[in-house]
Amino acid sequence: MDILKSLGHPEEIFNLFKFKMGGCRAVMPKLDYESMTESLRTCYLYLNQTSRSFAAVIQALDGELRHAVCIFYLVLRALDTVEDDMTIPLDKKVPMLNDFHTFLYQDEWCFMESQEKDRQVLEDFPTISLEFRNLAQEYRDVISDICHHMGVGMAEFLEKKVGSMKEWDQYCHYVAGLVGIGLSRLFSASQLEDPEVGQDTELANSMGLFLQKTNIIRDYLEDTQEGRAFWPQEAWSQFAGRLEDLAQPEKLESALSCLNLLVTDALRHVPDVIAYLSRLRNQSVFNFCAIPQVMAIATLSTCYNNPMVFQGVVKIRKGQAVTLMMEATNMSAVQTIIAQYSQEILHKVSPTDPSREKTLHILAVIREKSALSQSSLRSRTHHLSPMYLSAAMVLTALSWQYLSTTAAQAQGTSDMQRP
């Protein structure tokens, strides 16, 4: 669900950020790595290795929530690595997925047979599970529960393709909606957000579904070339005999009709996104949640009616991404961004598109919800300027290089001291 991956390497982002700021100088924040246990430092290193972009926004979270979300991410990354590894036979993979939440309480459980690029989170799972057990009980309960439900859902879809639109929602719930629900419960458990944020699972689920559907839509070509099928059959079967046929040049008109149908379906989650973000009160949590969502609607706008979805890689420009990061620090700005990209999609709607009426309807709903949200928005107190907060999030990505170097040097010294 890494909608931020289009940002590229943190150093590239930082250079672009400096350019946007007119070459101003900024001081890299020093991490308090000395207060971390060795195992917690290792967990943050794994976080940086498996998702540079999310390492930045997670590091920007306040207080103990930062550690809880870091461990939550790594636990789900390990679970996802099991699901993705096609070398694990199903008779072994299904029980692993179903039982994965129990491994959190097994001191020595690890898996050394994975061939996936992120296999270190499985090979050194004891380090992650140790830090999981060091979390407060309210955090452990959330992470274990979400891991359990996600593992069961992943196992269910291993041998079942996404058929109906309802099943698409169900699949996206298992792999992303549950993440939104889990994060929301962590936000409330930390007391940085009100209890209703964690209790309203419908809104939290929509946050995850919007991101996941955007990724699935954008990644059509990459997925089909690697033999993965995530577009729902109920949608693509209206326009082609096989999902991969949509990439054929003579099928372009049908392919675009299917694409626009799915973009329209994803857009129906935007009103929930607006409602969810409007409830948030903590600045670090707001930034953490808002940035991926504005990236997603920008990505959907780029994908809508775009033949490149079937011919290559569709990404928003890095400069555009940095601008979104800098701006998406308050609800009013997010509303403006959503309105901007909704308007861009509106201008692309073809008079002959089969989903035209549904697309126009959901765009009108988004416009209405956005206006209502802005008119009733309670004032939010910002202790830091939006520019400073955006700079801090970009800079935290670079700080991991410092932490990684320090940890590596410490490990080297430790190795030399061993008999």
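# Buried helices and cysteines in a predicted model

The buried residues of helix H2 are Ser-39, Leu-40, Arg-41, Thr-42, Cys-43, Tyr-44, Leu-45, Tyr-46, Leu-47, Asn-48 and Thr-50. Buried means under 20% relative accessible area, exposed means over 50%, and partly exposed lies in between (1.4 Å probe, protein chains only). Helices (H or I, at least four residues) and strands (E, at least two) are DSSP runs, numbered from the N terminus. This is a predicted model, in which local features need pLDDT of at least 70 and side-chain atom pairs count only at pLDDT 80 or more, while totals for chains, interfaces and linings use all residues. Residues are numbered from 1 along each chain as its sequence is written, and side-chain values use heavy atoms, with hydrogens and water left out.

**Helix H2**

- Eleven of the 13 residues of H2 are buried, so the helix is largely enclosed by the rest of the structure.
- H2 covers residues 38-50, and its end C-alpha atoms are 19 Å apart, which agrees with the 18 Å that its 13 residues should span at 1.5 Å a residue. The expected span of a helix is 1.5 Å times one less than its number of residues.

**Cysteines**

- A disulfide is a pair of cysteine sulfur atoms within 2.5 Å. By this rule the count is zero disulfides.
- The closest cysteine sulfur to that of Cys-43 is in Cys-70, at 5.8 Å, which is too far for a bond.
- Cys-70 is likewise in no disulfide, as the nearest cysteine sulfur is that of Cys-43.
- Cys-43 is buried at 0% relative accessibility, and Cys-70 is buried with a relative accessible area of 0%.
- Cys-147 lies in helix H8 and is buried, with a relative accessible area of 0%.
- Leaving aside neighbours within four places in sequence, Cys-147 is in contact (heavy atoms within 4.5 Å) with Val-75, Leu-76, Leu-79, Phe-100 and His-101.
- Cys-147 and Leu-79 are 68 residues apart along the chain, and their C-alpha atoms are separated by 7.8 Å.

**Helix H5**

- Lys-93, Met-96 and Leu-97 are buried in helix H5 (residues 90-99).
- These residues cover an arc of only 95° around the axis, so they sit on the same side of H5. The arc is that of the directions from the helix axis to the C-beta atoms.
- An α-helix has 3.6 residues a turn, so residues three or four places apart point the same way.
- The cover over the buried residues of H5 includes helix H4 (65-84) and helix H8 (137-157).

**Tyr-174**

- Tyr-174 belongs to helix H9 (residues 165-189) and is buried, with a relative accessible area of 15%.
- Not counting residues up to four places away in sequence, Tyr-174 touches His-149, Met-150, Gly-153, Glu-156 and Phe-157.
- The side chains of Tyr-174 and Glu-156 are joined by a polar contact of 3.2 Å. A polar contact is a pair of N or O atoms within 3.5 Å; within protein, one must be able to donate a hydrogen and the other to accept it, and residues adjacent in sequence count only if both atoms are side-chain atoms.
- Tyr-174 and Val-152 are 22 residues apart in sequence and 8.5 Å apart in space, C-alpha to C-alpha.

**Asn-260**

- Asn-260 is in helix H14 (residues 252-267) and is buried, with a relative accessible area of 1%.
- Apart from neighbours within four places in sequence, Asn-260 is in contact with Tyr-304, Asn-305 and Asp-353.
- The side chains of Asn-260 and Asp-353 make a polar contact of 2.8 Å.
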